[in-house]
Amino acid sequence: MAFALQNSQLLVTKGLINGQWVDADDSTTVPVHNPANGELVAEVVNMGGAETKRAIEAAEAAFPAWSGKSSKERSDILEKWFDLVMANQDDLAAILTAEQGKPLFEAKGEIAYGASYIKWFAEEARRVYGDIIPAAQKDRRNLVIKQPVGVVAAITPWNFPNAMLARKIAPALAAGCTIVCKPAIETPISALAIAKLAEEAGVPAGVINIIPGADAPAIGGEMTSNPVVKKLTFTGSTPVGKLLMKQCADTVKRTSMELGGNAPIIIFDDADLDAAINGALISKFRNSGQTCICSNRVMVQAGIYDEFIERLAAEVSKFNVGNGLEEGTTHGPLITEKAVNNVAGLVDSAIADGARAVIGGARGDAAGFFFQPTILADAKPSMRVFKEEIFGPVAPVFKFETDEEAVAMANDTEFGLAAYMYTNNLKRIWHVSEALEYGMVGVNETAISSEVIPFGGVKESGQGREGSKYGLEDYMETKLICLGGL
Ligand code: NAP
């Protein structure tokens, strides 16, 4: 292991069921490697369907006491958890970088971002209000109360191994739910580490359960078929999300789906070009292009097309790609060889169809899973890079002439997560933001996400919202109590 922790207790490799840190039933483990150099980070338990079933039973048993606590009691525990996460930010970031690859400064940012949801929902836990609705009959009163949905199952991806889980566990616990989580197989240690701190914060046994395992269909199959589970919250790819929604239909579970994206960033010729370039750099290349809200299609108005590309390339040439654990690294590796192959396939096919690599265009030289930061000029809507989520450090730049053309191109996708635009024209800001078929629109800003905003998509990018005052709703039922004969 090429990193040292101040708190070595955080490097947990066992699963968590009913407050016990346990091995897999068959004692098997899965190796977790650093994608920058292939180094073994740890061997983590390889659990499956049987362990998931026991975790669900534990969550069911823990539910009455946890949901029976006052909102202040739950809030206090979440506050303590937030404090512990922030006190261990450096260690949690080192673990995250070791298993995921992103540079340490980005990993530290992710820990703080994930923690912000814990803090936010600790506060929101105390603001779950009901309603009194005037009745149609004189002798009645209609009361509406909110109650936790019950046992929740959560499945999360590898690109934000801490934050994607924190923003599911925190609202679930705030609402009074208990939860069983399956982290991605590439990055399970970050999930186990925050669960360790939750235990230290006083979260009772069975309230949070973590099931790492390589057999995702077995774990997901139990989560989606078990009638005890009342809700599935999933972040990941659209095809897996669709499959899980189908599986949930048999027991009519509620679902929240944070799925894939194909974000356009539209740069109009009246934009502040410095701000637009900065916004494009952040939103395209953060986490080496592996975020669901990454700009996937850079769309630039004809009058500034050449200048924009030249200036963007000058900035990209300053990147320092390497091992995220090393000082000075600005951009890390991709998660797996498969990811590198996928990005290489998209770039090769764009070049074969007439795109031009202004910078990059090939795999990295280092031993890990690297792809060179790449800008593709002369990109066309007929290319695969227009239609598919790239999930790598590749910016295809498309040219457009009019607002109508920009909107039509931006909406020409089955996805609808995030979109961005840069312009100083107020009329255009209104018309284009309203016309974009996306759950989130950033105007002259690409770093749009925080705990206070409703994060989520439309179309095949999913349903439900995480964070904000809306985020708790997804974990609560609305119940009518009708008082009659008054
Ligand atoms: P993925 O293949 O869908 O995996 C996500 C999670 O689903 C992992 O834990 C994976 O487990 C699990 N999984 C895979 N097949 C399963 C099955 N049959 N049953 C149950 N679970 C299953 O997605 P990914 O490629 O790792 O993640 C990237 C995707 O996530 C991108 O499309 C990205 O846009 C999306 N994403 C969306 C958001 C958002 O908020 N909208 C945020 C981040 C990422 P294993 O790891 O064990 O395979």
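Where does the ligand sit?

1. The ligand sits in the largest pocket. A pocket is an open set of points on a 1 Å grid over the protein atoms alone, where a 1.4 Å probe fits, with protein on both sides within 12 Å along at least five of seven lines. To sit there, more than half of a molecule's atoms must lie within 2 Å of the grid points.

2. This is a predicted model: local features need pLDDT of at least 70, side-chain atom pairs count only at pLDDT 80 or more, and totals for chains, interfaces and linings use all residues. Residues are numbered from 1 along each chain as its sequence is written, and side-chain values use heavy atoms, leaving out hydrogens and water.

3. The ligand is surrounded by 32 residues (a heavy atom within 4 Å). The closest are T156, W158, S237, L259 and E389.

4. That shell holds 18 nonpolar residues (Ala, Val, Leu, Ile, Met, Phe, Trp, Tyr, Cys and Pro), five charged (Asp, Glu, Lys and Arg) and nine polar (the others, Gly among them).

5. Consider the polar contacts (N or O pairs within 3.5 Å). The side chain of E389 places an N or O atom 2.5 Å from a ligand oxygen. For K182, a polar side-chain atom lies 2.9 Å from an oxygen atom of the ligand. For the side chain of R167, the distance to a ligand oxygen is 3.3 Å.

Technical notes:
A polar contact is a pair of N or O atoms within 3.5 Å; within protein, one must be able to donate a hydrogen and the other to accept it, and residues adjacent in sequence count only if both atoms are side-chain atoms. On a 1 Å grid over the protein atoms alone, a cavity is a set of points where a 1.4 Å probe fits but cannot get out, and a pocket is an open set with protein on both sides within 12 Å along at least five of seven lines; lining residues have an atom within 4 Å of a point.
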